[in-house]
There are 2 protein chains.
Amino acid sequence: MASAISVLSMDAVEKAQSGHPGMPMGMADVATVLFTRHLNFDASTPDWADRDRFVLSAGHGSMLIYSLLHLLGYDGVTMEELKNFRQLGAKTAGHPEYGHLPGIETTTGPLGQGISNAVGMALAEAHLAARFGDDLVNHYTYVIAGDGCLMEGISQEAIGLAGHLKLGKLIVLWDDNGITIDGKVSMSDSTDQRARFEASGWKTLACDGHDAADIDRALTEAKGSDRPVLIACKTTIGHRAPTKAGTAKAHGAPLGADEIAAVREALGWELPPFELPDDLLASWREAGSRGADARIAWEARLSGSAHKDEFYTSMAADAAPAIEALGKYAAELAEDGKPTATRKASQAALEHVNAALSFTVGGSADLTGSNNTKTSDLAVLDAEHYDGRYVHYGIREHGMAAAMNGMALHGGMIPYSGAFLVFADYMRPSMRLAALMEQRVIYVLTHDSIGLGEDGPTHQPVEHLASLRAIPNMAVFRPADALETAECWAAALARTSGPSVLALTRQNIGPVRNEASENKSLRGGYVLREAAGAKITILATGSEVDIALGAKSILDAEGIPARIVSVPCLDLFMAQDMNYIAEVLGNTPRLGIEAGIQQGWDRLLGAFGQPYDFLGMQGFGASGPYQELYEHFGLTAQTAADRVRSLIERN
Amino acid sequence: MASAISVLSMDAVEKAQSGHPGMPMGMADVATVLFTRHLNFDASTPDWADRDRFVLSAGHGSMLIYSLLHLLGYDGVTMEELKNFRQLGAKTAGHPEYGHLPGIETTTGPLGQGISNAVGMALAEAHLAARFGDDLVNHYTYVIAGDGCLMEGISQEAIGLAGHLKLGKLIVLWDDNGITIDGKVSMSDSTDQRARFEASGWKTLACDGHDAADIDRALTEAKGSDRPVLIACKTTIGHRAPTKAGTAKAHGAPLGADEIAAVREALGWELPPFELPDDLLASWREAGSRGADARIAWEARLSGSAHKDEFYTSMAADAAPAIEALGKYAAELAEDGKPTATRKASQAALEHVNAALSFTVGGSADLTGSNNTKTSDLAVLDAEHYDGRYVHYGIREHGMAAAMNGMALHGGMIPYSGAFLVFADYMRPSMRLAALMEQRVIYVLTHDSIGLGEDGPTHQPVEHLASLRAIPNMAVFRPADALETAECWAAALARTSGPSVLALTRQNIGPVRNEASENKSLRGGYVLREAAGAKITILATGSEVDIALGAKSILDAEGIPARIVSVPCLDLFMAQDMNYIAEVLGNTPRLGIEAGIQQGWDRLLGAFGQPYDFLGMQGFGASGPYQELYEHFGLTAQTAADRVRSLIERN
């Protein structure tokens with residue numbers, strides 16, 4: 001049966017003249033044993049909530065999963081799709097893309113991400129099993145990972161977290177083929193991987209990756225573990241290719257006609273490309289439906305379960321109750337606004353969110369007291385308390401972000417977690433994938449500017465708002481006071497098909513608004529203060545809205561009426577219809593203020609041909625008390641007023 | 001003597017009402033033994049090339065190094081500076097900043113970076129020792145790292161690389177205090193760190209971090225190793241603080257008057273803050289000069305060495321010979337331009353660079369054949385051949401970038417290395433630090449757009465040019481043909497106080513220019529094709545210059561004369577004087593073309609109030625042959641011409 005994977009993979013790569021045949025051929029035996037004897041799934045119902053999850057962390061070997069999905073009879077994974085591997089419009093993209101085909105649990109390709117997503121999936125499983133019982137939630141998460149995944153630093157964060165949390169139903173099959181793109185692994189690494197995993201509390205096993213009985217033995221043994229398991233599968237990359245097997249030449253290029261003919265001969269495979277023997281296909285299709293009974297039994301258990309409604313609620317993850325609660329809370333804030341750090345305002349908003357929803361799971365990368373992400377009702381989730389809803393992720397921003405992707409993909413929860421905004425750089429590859437996969441993951445990123453003060457330029461984001469806004473489908477919220485913070489939380493929860501950043505201050509700011517009739521942050525930008533006969537529109541975000549308001553006081557007194565526009569989310573604002581944008585921007589010159597770089601502002605400020613200026617940061621920050629830094633870098637109401645005057649004079 | 005560190009640290013944090021007293025107090029004993037008995041340095045000559053390097057990877061404990069530098073008598077590290085800890089304008093910033101004070105070998109604070117810089121420093125030492133002999137280069141690199149550094153994934157990449165390369169003169173002192181910000185390490189991690197390091201080929205030792213004799217024993221033993229060494233120093237955070245020692249409360253906040261008084265009493269320290277007993281200071285100053293003899297002897301050896309000139313050349317790292325060679329090569333290319341992938345053109349340019357300079361050290365994160373970073377004359381640098389000049393960094397982008405920072409900081413070499421542009425996200429925290437530290441590190445980032453084709457959206461950068469340009473002091477070069485590639489290499493080598501990205505194509509492009517009288521890329525943008533009576537200026541970078549030229553052909557034929565501006569480096573172009581920018585941009589409407597997002601272009605395109613449009617990417621890419629992708633996303637000469645027509649009509 002494994003031959004079918006090898007042949008389909010090498011043929012599809014050959015036809016596309018692009019792709020990676022070596023891994024699918026090397027891991028065909030392992031995958032066959034896993035999918036035909038161990039993985040609990042039903043190809044007819046790929047969204048069965050309690051299915052085992054399978055993650056192809058070594059995403060370049062995408063033909064492995066495409067072959068499997070076709071052979072097992074997943075809907076829509078036609079032979080035509082395999083023939084169109086890596087072609088524009090095909091669902092069989094170069095790397096497996098979540099949402100393209102059923103059975104693809106996550107988008108992989110950037111190395112180390114899949115194994116780290118899988119930790120989040122296994123974490124989600126352990127949590128939901130604790131909440132709903134083993135009869136509703138009880139599945140494994142399997143990963144195929146290569147040397148690349150294990151060399152990426154993110155894997156250490158994932159391994160450390162999984163080992164600490166004793167995620168026993170996480171099983172990683174390591175394609176131990178000793179080959180990377182540059183040549184032998186031994187050219188760049190000498191790590192004893194089993195010892196490394198064991199150091200973080202994993203059980204490790206080994207097997208001959210071309211011996212079905214041995215693979216079966218290892219998988220069987222792995223399933224009894226109370227710790228996560230690494231199985232080192234000794235394989236040959238490009239297995240059976242006569243001259244290229246076991247070399248880097250099999251990794252990422254078509255094998256060529258001669259090698260392919262030789263593989264066919266070795267396998268006794270006589271059919272031309274993209275044709276399969278009927279009996280073989282029948283065996284595979286049978287394997288595809290072998291979990292049907294288990295799935296039907298599970299559905300019956302769910303129907304009769306006392307937890308049924310709550311389970312559906314978690315799986316639907318409808319944030320409406322929290323959004324409603326935040327609306328009421330915003331009305332209270334409008335009545336009774338006080339200066340506050342938006343990170344603290346975020347915690348207050350989260351109290352309402354976490355009370356209204358049972359399926360939020362929070363955390364922080366070891367900055368709980370700084371990110372203010374732990375609310376009063378959240379118990380810690382650890383190896384002894386999987387039912388907790390707060391994860392101490394440790395100093396592992398990247399692994400945390402990747403785990404949150406896995407949690408969101410698994411379903412049954414909305415993950416959010418905290419870090420300093422400047423360290424979004426550490427999480428960026430996973431954040432990008434959340435955006436690409438359209439997952440609702442919420443990043444609480446505090447200490448969002450030079451306003452953090454003394455920690456200095458290494459900790460002060462200046463380019464981060466711009467660089468995060470640059471990621472397609474990422475919404476960056478930067479609220480100006482407690483009320484906007486509540487609104488932005490509601491907006492982030494409402495964004496069901498994309499991740500959100502909440503960029504929050506360390507220092508006290510606001511309040512700037514005293515009415516909450518509607519969630520104005522949902523449109524990204526709005527007129528905060530109108531001015532009759534306005535000569536300038538000042539746009540600002542977050543802590544700089546205070547500065548804008550200060551400038552307005554100065555200017556109004558001088559007879560220069562100033563409109564103030566608050567822009568809690570530039571991304572959402574720029575996605576509004578042109579009429580709304582035009583109305584908010586007005587027909588005057590404009591000044592933008594943000595304690596970050598100018599990049600990303602010009603398009604908005606210059607829209608419809610108006611002259612504009614921007615007051616922000618020119619480069620890195622400095623260490624010192626924040627009030628002095630704001631003065632030092634000229635981020636003051638006085639400077640803003642000066643800029644407005646020159647802008648008006650120039651025109 | 002250690003008491004002086006503890007007292008200065010707690011007092012400075014108390015005065016600033018900001019900072020981290022716990023680590024300096026916990027590691028005072030270890031640091032005292034290291035600096036007074038082992039570290040080979042001379043405080044009077046902090047730039048002695050063969051000094052031992054000391055890296056405070058746990059940068060939040062900055063008062064540890066500030067105290068040490070003052071006590072040892074480093075120039076400019078006055079008591080006044082300690083009193084002004086964390087104040088605006090002081091050199092004693094919240095985290096140690098390279099360039100602020102002598103004796104600070106690298107900027108630290110973002111966790112995991114310092115230990116990874118140190119791997120680069122130890123690598124540089126091993127390489128230079130192989131080139132120049134032990135009598136000129138023979139020093140250790142010491143690191144103090146905390147739990148945070150070890151939990152960050154980058155540390156695994158660094159550990160793996162150092163272990164593989166058997167960097168025996170790298171010694172990491174781990175502040176094993178069991179405490180993180182959130183509380184006990186055991187709340188988030190269960191890793192056996194010694195076993196983990198040993199799995200990657202390190203020797204590990206342990207000592208009582210408050211027992212000078214035991215620390216001394218461990219350091220002595222460490223220095224005899226042929227493998228890198230981890231010393232687990234069992235310490236108590238905030239050592240001697242009566243109620244806060246050993247708890248997270250000692251980590252990141254002032255201790256308060258009561259605790260401070262109790263520490264003074266326990267130490268029998270009667271002096272007020274910022275005063276030191278004369279005899280104690282004298283002992284420390286003596287320690288500061290104990291390496292003077294060794295330094296003088298080394299200078300004598302250098303004077304008499306046959307390698308003297310070559311050593312000076314390497315340390316000066318003057319790239320002028322390469323820049324000259326590239327100029328001549330550019331002239332050849334102007335005569336004989338051919339379509340080429342700029343990644344291949346980069347390799348050809350590098351042949352000239354590596355032949356002209358003996359001190360470039362190249363590499364790749366396991367993409368040697370794709371990044372084209374290995375030239376014909378470069379031998380591999382590995383544990384058996386430290387004199388090689390090419391490093392197989394493995395699948396470790398982040399660790400590679402941090403190691404390159406360490407190599408540049410060490411001196412004696414210009415590091416460059418390769419990865420895919422999209423995976424700049426993995427390296428970003430280290431790239432930011434290279435920019436902040438003003439280091440000449442060169443990133444060869446290939447596969448720079450949807451032009452990479454079939455690998456699909458996970459591998460196709462769309463926001464990366466924008467997000468890299470956003471980093472202050474980062475120059476992003478994107479050449480349009482082989483000639484510009486040679487020019488951009490020369491420009492990157494000439495940037496002695498900042499890092500550069502070379503964003504290069506996978507696919508063939510150009511040639512676009514046939515004269516090389518001057519390096520036009522040095523100004524970032526220039527007129528590639530003038531047009532009498534121009535009605536449009538089209539600006540483009542890299543592969544899209546071909547599209548701009550195609551559009552020009554269409555438009556010229558229609559009687560719409562088009563000027564073409566090539567912008568190989570937006571950052572440098574926008575830093576030119578206004579007259580030059582105005583001259584290049586001209587007085588017509590403008591169209592920008594780049595196979596990336598619009599962010600970052602508006603400021604230039606709209607300069608001086610001209611109407612403009614931008615042709616680029618709106619979101620993520622797709623998998624398919626690149627020519628089809630360019631059609632699919634409308635990146636064609638025809639679309640560009642259409643856009644120009646509408647732009648002109650609208651005005």
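Chain B can be laid on chain A by a turn of 180° and a shift of 0.0 Å along the axis, with an RMSD of 0.0 Å. Copies are superposed by least squares on the C-alpha atoms of residues with pLDDT of at least 70 in both. That is the relation of a two-fold axis. Within chain B, Gly153(B) comes closest to the rotation axis, its C-alpha lying at 1.9 Å. The same surface serves both copies, as 100% of the contact residues of chain B recur in chain A. The model is predicted: local features need pLDDT of at least 70, side-chain atom pairs count only at pLDDT 80 or more, and totals for chains, interfaces and linings use all residues. Residues are numbered from 1 along each chain as its sequence is written, chains are lettered from A and ligands numbered from 1 in the order in which they are written, and side-chain values use heavy atoms, with hydrogens and water left out.

The interface was examined next. In chain B, 91 residues are in contact with 91 residues of chain A (contact means heavy atoms within 4.5 Å). The two chains bury about 7500 Å² between them, 55% of it on carbon and sulfur atoms. Buried area is the accessible area (1.4 Å probe) that two parts lose on being put together, summed over both.

Side chains of opposite charge can pair when their charged atoms come close. Eight salt bridges are counted between chain B and chain A. A salt bridge is a side-chain nitrogen of Lys or Arg within 4 Å of a carboxyl oxygen of Asp or Glu. One of them joins Asp189(B) to Arg396(A), with the closest N and O atoms 2.7 Å apart. Helix H19 (residues 424-436) of chain B gives the most to the side of chain B that touches chain A, with eight residues. Helices (H or I, at least four residues) and strands (E, at least two) are DSSP runs, numbered from the N terminus. This side of chain B divides into 33 nonpolar, 37 polar and 21 charged residues. Ala, Val, Leu, Ile, Met, Phe, Trp, Tyr, Cys and Pro count as nonpolar, Asp, Glu, Lys and Arg as charged, and the others, Gly among them, as polar.

Over all chains, the count comes to 64 salt bridges. Lys328(A) and Glu324(A) meet in one of these (3.8 Å, N to O). Being four residues apart in helix H15 (residues 320-335) of chain A, Lys328(A) and Glu324(A) are separated by about one helical turn.

Annotation comes from an unreviewed UniProt entry. Under "binding site", UniProt lists His20(A), His251(A), Arg343(A), Ser370(A), His447(A), Asp455(A), His459(A) and Arg506(A). They span 487 residues in sequence, and the farthest two C-alpha atoms are 48.4 Å apart, so they do not all gather at one spot. UniProt positions are given in the numbering used here, feature names are shortened, and annotations may be inferred rather than shown by experiment. His20(A) sits in the loop between helix H1 (2-16) and helix H2 (22-26) of chain A. The UniProt annotation "domain: Transketolase-like pyrimidine-binding" (unreviewed entry) covers residues 340-512 of chain A. Over residues 340-512, chain A is 38% helix and 18% strand, and the end C-alpha atoms are 11 Å apart.

The peptide bond from Gly510(A) to Pro511(A) is cis, with omega near -5°. Pro511(A) lies in the loop between strand S15 (508-509) and strand S16 (526-529) of chain A.
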